[in-house]
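Me: Please take a close look at one part of this model, the pockets. I would like one connected account of their linings.

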Amino acid sequence: YPSLKPLGSYIIDLLARLKFLQDWITKGIPNVFWISGFYFTQSFLTGATQNFARKYKIPIDHLTFDFEVMESEGTMESRPEDGVYVHGLFIEGAIWDRTEMKMGEAAPKILYDTVPVVWLKPIETKNISKEGIYEAPVYKTSERRGTLSTTGHSTNFVMFMMLKSDQPEEHWVNRGVALLTQLDD
């Protein structure tokens, strides 16, 4: 899987991924998925969308995700009725303001902030609102580039995640704000 970690950190990360998958097998479906632990994150996201599409008999190509950042930092008591909870994201160039529950300015010399649990809620594309949000790109690594694989997906870009903001999108674009599924350490 793509990683910029040095060998020691890579091995620790690999063992954590294996534990995440083993726990899923032995303990059942987790309430919160470690999004960083997936090799092909897009297939997991497609699966979450497919479950919703089948449940409500809606064509999958009419669906997208709405995003709600929760107050919890890593666990939830139960799974959501629709969609999935994920954790393991980092925000670069900004912070997630836990008091205001929206994006905020990063403190000087602080490059990354952890993002609390995010609820990925499938929603019909026609019902999505793009007001007061920043469409943050999500990348697997800090390299922010990749190549198209044979499936047509980027090897590094995952998706755009809509985060609440009271600043215009250009404000965050100028700061290079993005979400990462892993850091380089």
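**The pocket linings**

Reply: The lining of the largest pocket draws at least two residues from each of helix H2 (41-56), strand E2 (63-69) and strand E10 (157-164). Helices (H or I, at least four residues) and strands (E, at least two) are DSSP runs numbered from the N terminus. The model is predicted, with local features needing pLDDT of at least 70 and side-chain atom pairs pLDDT 80 or more, while totals for chains, interfaces and linings use all residues. Residues are numbered from 1 along each chain as its sequence is written, and side-chain values use heavy atoms, without hydrogens or water.

The largest pocket holds about 390 Å³ of space (the space filled by probe spheres set on grid points, joined across faces, edges and corners). Its lining has 19 residues, and those closest to the centre are Leu-63, Thr-64, Phe-65, Met-159 and Phe-160. A pocket is an open set of points on a 1 Å grid where a 1.4 Å probe fits, with protein on both sides within 12 Å along at least five of seven lines; lining residues have an atom within 4 Å of a point. By class, 10 lining residues of the largest pocket are nonpolar, six polar and three charged (Ala, Val, Leu, Ile, Met, Phe, Trp, Tyr, Cys and Pro are nonpolar; Asp, Glu, Lys and Arg charged; the others, Gly among them, polar).

The second largest pocket has a volume of about 310 Å³. Of its 15 lining residues, Phe-33, Ala-48, Asn-51, Gly-83 and Val-84 are the closest to the centre. H2 gives the largest share of this lining, six residues. Eight residues of the lining of the second largest pocket are nonpolar, three polar and four charged.
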